[in-house]
Each structure stands twice: as C-alpha cells, then as structure tokens.
Amino acid sequence: MPWTYDHIHLKSADQPKAVAFYRTNFGAKVVEEAERGGRKVTTLDVGGVTILLSAGLTDPAIPGAGDPHMGLEHFGLKTDNLERDAKALKARGVEFLQDVTQNRPGVKIAFIRAPDNVRIEILERS
C-alpha cells in the first residue's frame, strides 16, 4: 500500500501564540478551527502543507492528558530566496538555531525555533 503525505500535528502549550507565529511568518491560512477529543484544533495551510495545531490536554479524564511528548525533529519549508526571507524572519525576532549555509550543491538551509521548541528547516533549492 503506498503512503502519501496527510498532515503534521503539533501540540502547543500556547496555541493562539503558535497559530499567530505561523500566520505572521509563513502566511499560514486558517482552514478550520474545531473541538476534537476535548481540545481545540486549528488546521493551517502553509504553502500546501497541512499543519494541525492543538492545545495541550489538561483534563485528566481524557486519555493522553499531560503527555509531554512532542515527537517531531523538524519539518521543512522551501522558499525561492532564503537570504531575503531569513533577513525578514530575523527582523521579526525569530530565533535562528543555524544560520543560512550551503548544505550541498544547489541547496541552502537554515534552522529556526518555533513555539514549543519546534525546529523548522527553511531551505532553498536551485
């Protein structure tokens, strides 16, 4: 059976702050806001990538409440001009974990920190 991409799910300690981060810095569009399994879930579209952002669970009667697992190393977002966009992100105070570097021929990368200690690789392929 072939597998295809569906979504990335991020659990956030401060969901409104995280939603604002993705909207401000990456032009994320809110596709849906819903209540699922006892928590608010916001579905975002970032350049065709679906990201589900849910608040952490606090009700001990709900399975999974208090689970600190984040389970995500990083995800990648591509741009056509990494230097320009890195400069704009820095101007907005986004923390860079690794500045822009040439990873291999034709690929430039950088890593930033998003809310909840999520690492995002931003890259340019030429």
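A residue is counted as partly exposed when its relative accessible area lies between the buried range, under 20%, and the exposed range, over 50%. By this criterion K90, at 39% relative accessibility, is partly exposed. The structure described here is a predicted model.

The protein contains two helices and eight strands. Along the sequence these elements follow the order β-α-β-β-β-β-α-β-β-β. The protein has 126 residues, of which 33% are classed as buried. The accessible surface amounts to about 7700 Å², and carbon and sulfur atoms account for 52% of this area. When contacts between residues at least 6 apart in sequence are considered, 49% connect residues at least 24 apart.

Six salt bridges were found in a search of the whole structure. Side chains of opposite charge can pair when their charged atoms come close. K90 is paired in this way with D99, with a distance of 2.8 Å between the closest N and O atoms. D99 is also partly exposed, its relative accessible area being 41%.

A network of salt bridges links D80, R84 and D85. D80 is classed as exposed because its relative accessibility is 61%, whereas D85, at 24%, is partly exposed.

Definitions and conventions: Residues numbered from 1 in each chain as written. Predicted model: local features only at pLDDT ≥ 70, side-chain atom pairs only at ≥ 80, totals over all residues. Heavy atoms only, no water. Helix = DSSP H or I, 4+ residues; strand = E, 2+ residues; numbered from the N terminus. Buried < 20%, exposed > 50% of the residue type's maximum accessible area, 1.4 Å probe, protein only. Contact = heavy atoms within 4.5 Å. Areas by Shrake-Rupley, 256 points an atom, 1.4 Å probe, with all protein chains shown as cover. Salt bridge = Lys/Arg side-chain N within 4 Å of Asp/Glu carboxyl O.
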